[in-house]
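Here are my notes on the model, as numbered points. Please read them with the structure open.

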Amino acid sequence: MKPKLGFFDFTGCEGCQLEVINFETELVELLEQVDIVNFREAMQEKGEDYEIAFIDGAITTESEVSRIKKIRKQAKILVAMGACACLGGVNCLKNFRPMEENLRIVYADCAGYYNTIPARPVSAVVDADYELPGCPMNRDEFLKLAKALLLGKKPQLPNHPVCVECKMVGNVCVFDKGEFCLGPVTRAGCNAICINSGRRCWGCRGLIDDPNVNSEKEILQKHGLTVAGILSQFRIFDGYLEVSK
Ligand code: SF4
Ligand code: SF4
Ligand code: SF4
């Protein structure tokens with residue numbers, strides 16, 4: 001019997017699910033080893049007998065709270081996939097305003113027809129066994145995790161900051177150009193892709209396990225910064241941490 005997988009979308013752009021569909025060759029190989037029984041973005045069938053659930057998106061309504069609890073009850077293994085599911089992501093920007101104000105701004109006269117609660121990551125509602133960081137999640141990490149789960153092994157994520165990969169590429173640090181960057185506290189694994197393209201790190205892969213004692217703290221010290229100080233500059237992906245303190 002092949003293991004049964006389900007993919008479930010909550011609040012997000014569904015870009016992480018789209019990444020899975022874009023795998024093409026690797027997806028065909030994966031389908032030789034597993035049965036996908038539930039994947040709204042790719043198929044009509046809605047099997048409820050899945051063993052591994054992949055979750056895309058943040059939890060932002062009461063009905064999503066009930067739904068994720070139901071999925072957790074069914075799945076032996078639950079994987080949060082992408083920044084929205086792992087961190088709350090961009091959805092948490094609404095947490096900085098009263099929910100009534102958000103509804104009024106977005107839906108105007110129709111606000112009364114909708115409900116919304118502060119956005120939160122999957123792990124704030126149910127246990128997530130594994131998390132695949134990034135916006136969108138990284139295809140190589142997805143495939144590594146899928147292989148590890150099929151072999152009964154525990155997948156590992158990098159726990160060093162983006163700065164390490166950035167320095168290995170040979171980039172000029174954006175702090176030296178007078179800009180801010182979340183690289184010193186953000187989990188590596190993206191090969192510093194944004195800095196390589198002339199931008200800076202916005203923290204889409206979430207924080208390393210203990211950002212206050214990491215090897216790149218000298219970058220922060222050199223520029224008179226603290227972990228809390230730079231996080232307050234960047235709410236795009238890590239806003240949930242700031243409002244839930
Ligand atoms: S993590 Fe990014 S790509 Fe994935 S659902 Fe959220 S916004 Fe979309
Ligand atoms: S702070 Fe940003 S630009 Fe500077 S080394 Fe770290 S990741 Fe690279
Ligand atoms: S550099 Fe930062 S924002 Fe860009 S992909 Fe990597 S972790 Fe995400």
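1. Start at Asn-38. A polar atom of the Asn-38 side chain lies 3.0 Å from the backbone oxygen of Gly-47. That is a polar contact (a pair of N or O atoms within 3.5 Å; within protein, one must be able to donate a hydrogen and the other to accept it, and residues adjacent in sequence count only if both atoms are side-chain atoms). Asn-38 sits in strand S2. Asn-38 counts as buried, at 6% relative accessibility. Buried means under 20% relative accessible area, exposed over 50%, and partly exposed in between, with a 1.4 Å probe and protein chains only. Beyond four places in sequence, the contacts of Asn-38 include Leu-5, Phe-7, Met-43 and Glu-48. Contact means heavy atoms within 4.5 Å.

2. A word on the basis. This is a predicted model, in which local features need pLDDT of at least 70 and side-chain atom pairs count only at pLDDT 80 or more, while totals for chains, interfaces and linings use all residues. Residues are numbered from 1 along each chain as its sequence is written, chains are lettered from A and ligands numbered from 1 in the order in which they are written, and side-chain values use heavy atoms, with hydrogens and water left out. Helices (H or I, at least four residues) and strands (E, at least two) are DSSP runs, numbered from the N terminus.

3. Which residues surround ligand 1? They are Cys-13, Glu-14, Gly-15, Cys-16, Asp-56, Gly-82, Ala-83, Cys-84, Gly-134, Cys-135 and Pro-136. The criterion is a heavy atom within 4 Å. Helix H1 (15–21) and helix H4 (83–87) are the elements that give two or more residues to this shell. The shell splits into 6 nonpolar, 3 polar and 2 charged residues. Here Ala, Val, Leu, Ile, Met, Phe, Trp, Tyr, Cys and Pro count as nonpolar, Asp, Glu, Lys and Arg as charged, and the others, Gly among them, as polar.

4. The peptide bond between Cys-135 and Pro-136 is cis, with omega about 0 degrees. Pro-136 lies in the loop between S5 and H6. Most peptide bonds are trans.

5. Ligand 2 has its own shell. Around it are Cys-163, Cys-166, Cys-173, Val-174, Phe-175, Cys-181, Gly-183, Pro-184 and Ile-195. This shell has 8 nonpolar residues, 1 polar and no charged.

6. Now the packing. The largest nonpolar core has 22 residues. Such a core is a set of buried Ala, Val, Leu, Ile, Met, Phe, Trp, Tyr and Cys residues joined through side-chain atoms within 4.5 Å. Phe-7, Val-20, Phe-54, Val-79, Met-81, Met-137 and Phe-142 have the most contacts inside this core. Among the elements that each supply at least two of its residues are strand S1 (4–9), strand S3 (52–56) and strand S4 (77–81). H6 gives the largest share, 5 residues. A second, separate core of 21 residues includes Phe-10, Val-37, Tyr-50 and Ile-71.

7. Buried in H6 are Glu-141, Phe-142, Leu-143, Leu-145, Ala-146, Ala-148 and Leu-149. Their cover includes S1, H1, H2, S3, S4 and S5. At the start of H6, a side-chain oxygen of Asn-138 comes within 2.8 Å of the backbone nitrogen of Asp-140. Just after H6, Gly-152 has a positive phi of about 75 degrees.

8. Is Gly-57 buried or exposed? Gly-57 is buried, with a relative accessible area of 0%. Gly-57 is in the loop between S3 and helix H3 (62–74). Its contacts beyond four places in sequence are Phe-10, Thr-11, Gly-12, Met-81, Cys-84, Ala-85 and Val-122.

9. Most residues other than glycine have a negative phi. Ala-108 has a positive value, near 50 degrees, and Ala-192 has one near 55 degrees. Ala-108 is partly exposed, at 47%. Ala-192 is buried, at 0% relative accessibility. Ala-108 falls in the loop between helix H5 (99–107) and S5. Ala-192 falls in the loop between helix H7 (162–169) and helix H8 (193–196).
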